[in-house]
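This report examines strand pairing, helix packing and side-chain contacts in a single protein model. Please consult the sequence and the structure shown here alongside the text.

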Amino acid sequence: MITIGFADGTLVIEGLGEHAELLEGLCVFDGRIQRHRAQAGNYSAILRALHGVVAYTDDAKAYEVLRLHEAAPQTLRPYQQQAIDAWLAARRQGVVVLPTGAGKSYVALRCLLATQRSTLILAPTIDLVQQWAGDLEKRLGTRIGRYGGGDKELLPVTVSTYDSAVLFMPHHGNRFGLLIADECHHLPAGVTSLAAQQCLAPFRLGLTATPER
């Protein structure tokens, strides 16, 4: 039986053996532990490659199914609905590019509600972390975790700075099923990219007005 676990921001795959070719390009053999290892970010691709082909046990994920509701739903603008529909059709993965003030954060909220999985939202500054958390608490009527600037509380829905996420992701990167990256043009930076690579969230949403950055 193939077993997938989470350790230090990576996936550890035991018992792959003769089925290694199924995950070619997604993992490597780690001679130190005599098991295959992969970036946590490859989690969904690995499951798709194994599903229906070979039996496996998933001990990696630790995220929850949520039951969140918006207190006062707003009417979506046509382009917001189009963005959400496109993201859902793309297996809940992709980047929404909209100008400043076009309602990207509300698109993210509706994507969160459509997914109903433990969610981590990344923001580049402490001010944005507080803004996101306050808005979500008002709209969802539940406490939102904050991580960064002295706050260190991880809840089923948490907002964190990119820098803080890099520090805790090796330990908690399996606790979130949806990763939302606000101002996601920050994400490709050398160290910052670890926040995405070490998180196994199968569902991912990037938000930006300036993708060329």
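In which sense, parallel or antiparallel, do strand β8 and strand β10 pair? Strand β8 (residues 145-148) and strand β10 (residues 157-161) pair in the parallel sense, over three bridges. Within this pairing, Tyr-147 has Ser-160 of β10 as its bridge partner.

## Basis of the analysis

The model is predicted, so that local features need pLDDT of at least 70 and side-chain atom pairs count only at pLDDT 80 or more, while totals for chains, interfaces and linings use all residues. Residues are numbered from 1 along each chain as its sequence is written, and side-chain values use heavy atoms, with hydrogens and water left out.

Helices (H or I, at least four residues) and strands (E, at least two) are DSSP runs numbered from the N terminus. Two strands pair if DSSP finds at least two bridges between them.

## The seven-stranded sheet

The strands β6-β12-β11-β7-β10-β8-β9, in that order, form an open sheet of seven strands with mixed pairing. Its edge strands are β6 (93-97) and β9 (151-152), each of which pairs on one side only. In general, strands of a sheet pair through backbone hydrogen bonds, either parallel or antiparallel.

## The β1 pairings

Strand β1 (residues 2-7) runs parallel to β5, to which three bridges join it; Thr-3 stands opposite Thr-57 in β5. With strand β2 (residues 10-14), β1 pairs in the antiparallel sense over five bridges, and Gly-5 has Val-12 of β2 as its bridge partner. β1 and β2 form a hairpin with two residues between them, and Asp-8 in the turn has a positive phi of about 55°.

## Helices across the sheet

Helix α3 (residues 104-115) lies across β6, β7 (119-123), β10, β11 (178-182) and β12 (203-208), and runs at about 175° to β12. Helix α5 (residues 162-172) lies across β7, β8, β10 and β11, at about 110° to β10. Axes are lines fitted to C-alpha atoms, for helices over the stretch in contact, and angles run from 0 to 180 degrees between N-to-C directions.

Several residues of α5 are buried, including Tyr-162, Val-166, Phe-168 and Met-169 (buried means under 20% relative accessible area, exposed over 50%, partly exposed in between, with a 1.4 Å probe and protein chains only). The cover over the buried residues of α5 includes β1, β7, β8, β10, β11 and α6 (194-197). Ser-164, also in helix α5, counts as buried at 14% relative accessibility. Leaving aside neighbours within four places in sequence, Ser-164 is in contact (heavy atoms within 4.5 Å) with Tyr-147 and Gly-148.

## Aromatic contacts

A search of the whole structure finds one aromatic pair. The rings of Tyr-147 and Phe-168 have their centres 4.5 Å apart and their planes at 55°, so the pair is tilted. Rings of Phe, Tyr and Trp (its six-membered ring) pair if their centres lie within 6.5 Å; planes under 30 degrees apart count as stacked, over 60 as edge-to-face and the rest as tilted. Because Tyr-147 lies in strand β8 and Phe-168 in helix α5, the pair ties together parts that are 21 residues apart in sequence. Tyr-147 is buried at a relative accessible area of 15%, and Phe-168 is buried at 3%.

Arg-92 lies over the face of Phe-203, at 5.8 Å from the ring centre. The criterion is NZ of Lys or CZ of Arg within 6 Å of the ring centre and within 35 degrees of the ring normal.

## Salt bridges

The whole structure holds seven salt bridges (a side-chain nitrogen of Lys or Arg within 4 Å of a carboxyl oxygen of Asp or Glu). One of them joins Arg-139 and Glu-70 at 3.8 Å, N to O. This pair links distant parts of the chain: Arg-139 is in helix α4 (residues 126-140), and Glu-70 is in the loop between β5 (56-58) and α2 (78-89), 69 residues apart. Both Arg-139 and Glu-70 are buried.

Arg-139 also meets Asp-135 in a salt bridge of 3.1 Å, N to O. Both of these residues lie in helix α4, four residues apart, about one turn of the helix; Asp-135 is partly exposed, with a relative accessible area of 30%. Glu-137 and Arg-146 form a salt bridge at 3.2 Å, N to O. Here Glu-137 is partly exposed at 24% relative accessible area, whereas Arg-146 is buried at 18%. Asp-30, Arg-32 and Arg-37 are linked in a network of salt bridges.
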